[in-house]
Amino acid sequence: MAANRRNGMASPPHGLEEILSPAAPHPRTSLPNVATIVTTVAALYFGREVFLPIAIALLLTFALAPLVSALKRAGIPRIAAVIVSVLGAFAALALFSFILATQVSELAQNIPVYQTNILTKIRSLKETGVGGGIIARLGKVVERVGQEIDRQETSPPAATPEKPPREPVPVEIVSRERPLEVLQNIVGPLISPLGSAGLIIVVVIFMLLEREDLRDRFIRLVGYGDLHRTTEALQDAGKRVGRYLLMQLVVNILYAIPIAIGLWILGIPNALLWGLLALALRFVPYIGPAIGMLLPLFLALAVAPGWSLVLWTAALFVVMELVTGNVVEPWLYGSRTGLSSLAIIVAAIFWTWLWGPLGLVLSTPLTVCLVVLGRHVPQFEFLDVLFGNEPVLEPHARLYQRLLAGDPDEATDHAEEMLEEKYLVDFYDKVAIPALLLGEQDRARGVMGDQQRRQLAASAQALVANLDESAQEEADEEDGTLVAAEASDDGETAGEEEADLPDGTDMSVLCAGGRGELDDAAAAMLAQVLEVQGTTVSKAGFADMEPGGIRRLELDTVDTVVVGFLNPDSIKHARFLVRRLKRTKAALRVGIVFWSETGNEDKDAAVKLAQDINADFVAHGMMDAVVGALSNEPPVALKLVAKRRMRRQRATPRKASATAAS
């Protein structure tokens with residue numbers, strides 16, 4: 001019957017080919033020693049006055065480089081493009097800071113106006129409390145502490161009745177400062193931040209002017225021996241960091257504008273201030289939006305006597321965060337930063353401890369630079385492993401680890417995710433069988449005990465059982481595809497350009513393991529794939545393949561027996577099983593599968609090996625095993641071994657002489 005199965009999807013989703021394609025094993029990642037880590041962290045901590053401005057300037061250079069390039073393409077000279085870009089960026093920051101300071105000053109003047117509403121809400125909370133409530137208890141504690149603080153250690157002497165106590169005379173100390181001192185007190189605290197800002201501006205200008213020269217010097221310093229890798233690393237870092245900063249700014253603006261408008265409609269004072277704070281604080285991962293919400297909530301508590309305004313304000317922030325996180329960010333971010341969620345949190349904690357609040361804001365882009373460095377420089381590969389979001393284990397290695405740990409449920413979750421886009425035969429061929437091969441390798445080199453081997457096999461069998469529902473859905477889908485193909489006018493099936501699996505209807509196959517429990521698990525996987533093809537399948541364990549067990553097998557209705565081996569050095573044992581099975585039933589087709597992670601494209605070698613062991617076919621992968629098991633070719637006749645042929649040749653003259661004598 002015409003095949004109704006394709007090798008795989010015509011166009012798998014982006015990234016799935018890399019996940020499912022066999023890859024060379026990664027070399028072991030080298031970790032830096034403790035002295036190197038401590039020295040680096042100490043240098044960053046104690047040299048933060050130097051490294052922090054340089055880090056800010058570097059990130060601003062990444063962010064402004066695309067703008068400078070666009071201005072240059074528009075015909076503006078390089079120096080003018082750099083100066084316009086830098087001055088425009090810092091002018092925007094200065095305007096942002098001025099508006100923020102003005103709004104904060106206005107808010108500070110209006111705080112006493114909101115005191116009545118705050119006291120009203122506190123009284124309402126006290127009245128609703130049981131037995132005085134928590135607020136009453138806290139108030140008593142605070143009052144008692146205040147009394148202890150105000151209590152004097154020595155009591156004042158008692159006043160004599162003749163002389164009444166004198167009233168204390170209030171004394172006011174007026175400090176007459178010179179104008180120069182007043183100016184110094186005002187300007188002094190501003191000198192350090194203004195100096196740092198000026199230094200950053202100068203560094204950014206020179207970095208943008210000499211960007212190509214700095215790039216060449218960096219390549220000559222660290223990557224002259226591999227220009228391709230170093231160039232790729234620089235381009236990747238610039239693209240990731242620049243895109244992250246630009247897209248984050250756009251996302252924050254789209255988040256802050258509705259927040260400011262919504263707060264203004266609700267009647268929250270200084271709505272512009274809270275919108276600007278929401279824009280700035282959202283650069284801080286995870287905790288920034290929460291901090292930006294707390295202050296408007298507190299003000300909503302102080303503005304209105306009721307609680308409705310507080311609830312509306314909280315709802316505004318929650319809705320905007322959900323829309324931004326689930327709609328705006330996935331739409332604007334063409335690619336993620338390449339960091340895992342845990343890495344973002346850990347990086348925020350580390351950089352905050354190292355460089356304070358500015359380190360918190362810079363934590364994500366700085367960590368992106370480190371991950372890019374680790375992705376392209378082998379000495380820093382551990383950074384990509386620790387903080388990157390790419391899978392660090394091959395899919396088959398990950399599955400093997402879960403099965404070895406006795407956790408088939410999590411292994412099933414990963415399998416079902418892959419089965420949403422791939423067929424069952426592809427998953428078993430590219431992931432599950434290679435996982436069992438890792439187990440066989442560990443067994444062969446003596447690092448896996450009997451208990452671990454049995455646990456691994458049991459977990460693999462449980463995985464196969466858990467995928468029964470997915471297999472049934474796939475079989476139903478196959479039936480629908482077959483009906484549609486038969487009903488088509490031209491008789492052509494969809495996807496005929498790709499190799500198809502044969503239909504197994506009205507065929508009976510016995511799948512058996514060759515020499516151990518892991519072989520039985522591989523046989524169960526093959527049996528499930530054959531069931532999807534409509535085949536009547538029975539299973540046998542490796543113990544049933546013993547000489548005494550083969551005689552007890554019910555082979556009357558079986559067309560083909562397929563025996564699988566994970567150990568490639570089982571050719572002699574396979575030859576023995578083929579001979580025993582064919583002696584039991586002469587019309588039986590017997591196939592042998594020597595499971596391999598990469599398969600074997602040498603068809604002639606497979607045919608020659610099949611002839612050598614007297615098998616009907618030899619396969620090395622799931623696809624070839626299914627095709628061989630469902631083949632309609634007649635069985636190969638059992639060949640006489642040399643010893644039996646010699647015995648028959650010796651027996652023939654004896655029979656002839658006996659006949660002549662009679």
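This is a predicted model: local features need pLDDT of at least 70, side-chain atom pairs count only at pLDDT 80 or more; totals for chains, interfaces and linings use all residues.
1. Five strands form an open sheet in the order β4-β3-β5-β6-β7, and the pairing is parallel. At the edges stand β4 (536-540) and β7 (617-619), each of which pairs on one side only. From one strand to the next, the twist averages 20°.

2. Burial of β5. This strand spans residues 560-565 and is mostly covered, with six of its six residues buried. Thr 560, Val 562 and Gly 564 point one way from β5, while Val 561, Val 563 and Phe 565 point the other way. Residues of both sets are buried.

3. The β3 side. Strand β3 (residues 508-513) runs parallel to β5 and is joined to it by five bridges. Val 509 stands opposite Thr 560 of β5. Further along, Ala 512 has Val 563 as its bridge partner in β5.

4. The β6 side. Six bridges join β5 to β6 (residues 589-594), and these two strands also run parallel. Here Gly 564 stands opposite Val 593 of β6. Between β5 and β6 the chain passes through helix α22 (residues 571-584), making a right-handed β-α-β crossover.

5. Helix α23 (residues 603-613) lies across β6 and β7, and runs at about 125° to β7.

How values were computed:
Residues are numbered from 1 along each chain as its sequence is written. Side-chain values use heavy atoms; hydrogens and water are left out. Buried means under 20% relative accessible area, exposed over 50%, partly exposed in between (1.4 Å probe, protein chains only). Helices (H or I, at least four residues) and strands (E, at least two) are DSSP runs, numbered from the N terminus. Two strands pair if DSSP finds at least two bridges between them. A crossover is right-handed if, with the strands pointing away from the viewer, the path from the first strand over the helix to the second runs clockwise. Axes are lines fitted to C-alpha atoms, for helices over the stretch in contact, and angles run from 0 to 180 degrees between N-to-C directions. Contact means heavy atoms within 4.5 Å.
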